[in-house]
Amino acid sequence: MSMNDFEYALVQTGDASAGGIAIATVNVTPIHNKEANLEKYVSFIRKAGELGANLIVFPEQALQGYLWETEHTLTLSPEVFQYHYQNAETIPGEATAILRQYAKQYDLYIVMGLTEVSPTYAGGTGALFNSTALIGPGGVIGVYRKVHQPGAELHIYRAGNALDVYDTPLGRIGMLICYDVAFSETCLIYAIKGTDILVFSTAWTYSGPLTVNGITVEDYQGYLYDTFVKCRAAENQIWFVASDCAGRDCKMPWHFYGHSRIINPSGIVIAEIADEEGMAIAHGLKIKEEILAARTSYFAGLNILADRVPELYGAISDPNLIYPPDRQIDP
């Protein structure tokens with residue numbers, strides 16, 4: 001597909017002539033066909049490059065498509081395992097090499113979601129990871145392997161064990177995937193490590209309404225998504241870029257939430273695509289300047305990271321509280 005054949009929804013905000021950088025985030029409807037999904041990647045990347053984007057972010061598992069037969073149950077069929085093993089890729093690998101060509105052509109940084117295989121595990125069968133790769137003009141810069149895994153993911157993916165931050169000309173970039181966003185500690189660690197732009201790739205779905213105490217939220221999982229992503233930006237006073245799948249899953253009756261968005265360190269959404277397939281781009285972003293403004297002006301001049309009292313937070317990692325020992329009950 002040529003750049004002139006771009007057929008998806010497009011939202012642009014900001015002033016491209018104002019300096020700074022441009023960030024693009026994508027709603028994409030992945031299918032369980034890696035080649036077709038990669039064509040979509042390329043279409044979005046080419047359009048983003050044409051429009052002057054410096055960073056483009058794709059959803060969780062958007063290369064191979066997300067797991068089916070789950071809805072966060074504990075069962076997966078052999079077909080799911082076989083498909084993901086057969087279509088998993090190493091990082092660097094074939095897909096990252098293709099995208100690196102476009103990153104170089106457009107001087108663009110790309111975050112892609114995929115099933116990664118590490119071939120050295122399990123006697124050559126390999127182990128699978130739910131991963132994102134950060135790719136720049138020079139190739140793969142970094143890899144994030146999802147740390148917090150819900151439901152059936154526990155049976156197919158190994159958990160990641162690192163929260164690394166990567167230096168780029170755009171700023172320091174960290175990555176997280178889907179369920180990770182529910183754990184504020186994860187994002188706080190990134191902020192403490194000096195992350196400027198925290199990238200969040202997900203396959204978040206609509207859930208339907210929830211009524212509590214006579215109050216109804218139209219879609220509860222959507223409500224949580226909206227709450228989490230804004231809060232994680234505001235409480236850490238950093239840029240937050242969310243990219244979700246959109247549309248209906250081709251093998252399950254799920255409707256992905258979409259609402260990929262770019263959030264200022266104030267917690268305010270500055271660019272967003274709704275739940276259709278498409279891309280949002282925010283131009284003229286002053287990354288460091290807005291982080292400083294968030295920490296010196298926007299929230300009554302309060303710098304949340306500077307005002308922490310970490311010596312009181314030891315209970316978070318106290319093994320006796322995380323895994324309390326068995327206690328005898330007196331008769």
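Predicted model: local features only at pLDDT ≥ 70, side-chain atom pairs only at ≥ 80, totals over all residues.

The points below begin with the patch, then turn to the cores and the aromatic pairs.

**The surface patch**

**The nonpolar cores**

- In soluble globular proteins, nonpolar side chains tend to be buried together.
- The largest nonpolar core in this model has 44 residues, and those with the most contacts inside it are Ile 23, Leu 55, Ile 197, Phe 200 and Phe 240.
- Apart from this core lies another one, of 31 residues, which includes Ala 24, Tyr 41, Ala 62 and Met 279.
- Leu 55, when its neighbours within four places in sequence are left aside, is in contact with several residues, among them Ala 22, Ile 23, Leu 108, Ile 110, Leu 170 and Ile 197.

**The aromatic pairs**

- A search of the whole structure finds 17 aromatic pairs.
- One of these pairs is formed by Trp 204 and Tyr 225, whose rings are arranged edge-to-face, at 5.6 Å centre to centre and with 65 degrees between the planes.
- Because Trp 204 lies in the loop between strand E9 (197-202) and E10, while Tyr 225 lies in helix H6, this pair ties together parts that are 21 residues apart in sequence.
- Trp 204 counts as buried because its relative accessibility is 11%, which is under the 20% limit, and Tyr 225, at 1%, likewise counts as buried.
- Tyr 206 and Tyr 257 form another edge-to-face pair, with 5.0 Å centre to centre and 70 degrees between the planes.
- This second pair links distant parts of the chain, as Tyr 206 sits in the loop between E9 and E10 and Tyr 257 in strand E14 (residues 255-257), 51 residues apart.
- Tyr 206 is partly exposed, with a relative accessible area of 26%, whereas Tyr 257 counts as buried at 6% relative accessibility.
- Both pairs belong to one aromatic cluster, which is formed by Phe 200, Trp 204, Tyr 206, Tyr 225, Phe 228, Phe 240 and Tyr 257.

Methods: Residues numbered from 1 in each chain as written. Heavy atoms only, no water. Core = buried A, V, L, I, M, F, W, Y, C linked by side-chain atoms within 4.5 Å. Buried < 20%, exposed > 50% of the residue type's maximum accessible area, 1.4 Å probe, protein only. Contact = heavy atoms within 4.5 Å. Phe/Tyr/Trp six-rings, centres within 6.5 Å; stacked < 30°, edge-to-face > 60°. Helix = DSSP H or I, 4+ residues; strand = E, 2+ residues; numbered from the N terminus.
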